Amino acid sequence: IPDQRAVEAVRTRFQEAGKKKEECIRMVRQIAAAIGNDEGRKKKLENELQEIFSRDERNQKNLRYLRYATEILRRLNSAYREREKVTRAELERTINRVFEEIYGEGIELHVSENYAVSTHVTDTEQGVSGDDLEKNTAQSYAIIFAFISGIIEMAKTKRDDGDVSSVNAEDYPLVMDAPLSSFDKLRIKQICRVLPKVAGQVILFIKDTDGETAQHELSQRIGHQWQLVAENLTRTHIERSI
């Protein structure tokens, strides 16, 4: 070994680290024991408090009400979690169907418990990985579009079915700013076929390059068309086209 001093320094640091490790283990054991003692004292005090409460008739009644309320809360939370699980599964099926109408098969969307959307490639023959999918701007926009569409469609379905949880009795417009700018003409056509199924009224802000294809596909459904005309760098006015 060419440098004995370096080896000795490493050995010294190793021994010091071992001593610190043993010290940390002792501290953890001491803290764990203290936690156990504190929990025991807490439980004892809670029992004494319950005993004091139970001596008074009014307190007995309040404790009974508290148990009722606690049990009701537990059942409501359990029912809510079960219903949310069913709703999340339904949302996942809906957004997958909408996404498939835009992009076809081969990609599956998954909705997590906190409603984050992840992608899974089911058609490996296309040579597409999940990382490639996340980097694809158009597909990412399609995922967002499918998620929004799924929520709107489910809300409409529940309202039409008379679900009391659906309090809005009217269709609100779906407003989208340049949603077609990252798609090719084929995808724009497919999105235009999906849009009328999503909302009763859709307001789109689109560029001229995207507008021709969208206007052609939605020609029978366009109610009004307006154009933003730039007068200078800081001023724009609106002109009605249709």
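The model is a predicted one. Of the 242 residues of the chain, 19% count as buried, and residues 24 or more positions apart account for 52% of the contacts that have a separation of 6 or more.

Helix α2 covers residues 57-103, and its 47 residues reach 68 Å from the first C-alpha to the last, close to the 69 Å expected at 1.5 Å a residue. Among the buried residues of α2 are L63, R88, L91, I95, F99, I102 and Y103. Just after α2, G104 takes a positive phi of about 80°.

In soluble globular proteins, nonpolar side chains tend to be buried together. The largest nonpolar core of this model has 29 residues, and those with the most contacts inside it are I95, F99, I102, Y103, F145, F183 and I191. Five elements, namely α2, β1, α4, β3 and α5, each supply at least two residues of this core, and its largest share, 7 residues, comes from α4. Leaving aside residues up to four places away in sequence, I191 touches I102, F145, L180 and F183.

**The largest pocket**

The largest pocket has a volume of about 1,100 Å³. Of the 27 residues that line this pocket, L204, I206, H224, Q225 and W226 are the closest to its centre. The residues of the lining divide by class as follows.

| Class in the lining of the largest pocket | Number |
|---|---|
| Nonpolar | 14 residues |
| Polar | 9 residues |

The elements α5 (185-198), β4 (202-205), α6 (208-217) and β5 (226-230) each supply at least two residues of the lining, and α6 gives the most, with 5 residues.

**T213 in helix α6**

T213 is found in helix α6. Because its relative accessible area is 11%, and buried means under 20%, T213 counts as buried. Not counting residues up to four places away in sequence, T213 touches K185, I188 and K189.

Note on methods:
Residues are numbered from 1 along each chain as its sequence is written. This is a predicted model: local features need pLDDT of at least 70, side-chain atom pairs count only at pLDDT 80 or more; totals for chains, interfaces and linings use all residues. Side-chain values use heavy atoms; hydrogens and water are left out. On a 1 Å grid over the protein atoms alone, a cavity is a set of points where a 1.4 Å probe fits but cannot get out, and a pocket is an open set with protein on both sides within 12 Å along at least five of seven lines; lining residues have an atom within 4 Å of a point. Grid points are joined across faces, edges and corners, and a volume is the space filled by probe spheres set on the points. Helices (H or I, at least four residues) and strands (E, at least two) are DSSP runs, numbered from the N terminus. Ala, Val, Leu, Ile, Met, Phe, Trp, Tyr, Cys and Pro count as nonpolar, Asp, Glu, Lys and Arg as charged, and the others, Gly among them, as polar. Buried means under 20% relative accessible area, exposed over 50%, partly exposed in between (1.4 Å probe, protein chains only). Contact means heavy atoms within 4.5 Å. The expected span of a helix is 1.5 Å times one less than its number of residues. A nonpolar core is a set of buried Ala, Val, Leu, Ile, Met, Phe, Trp, Tyr and Cys residues joined through side-chain atoms within 4.5 Å.
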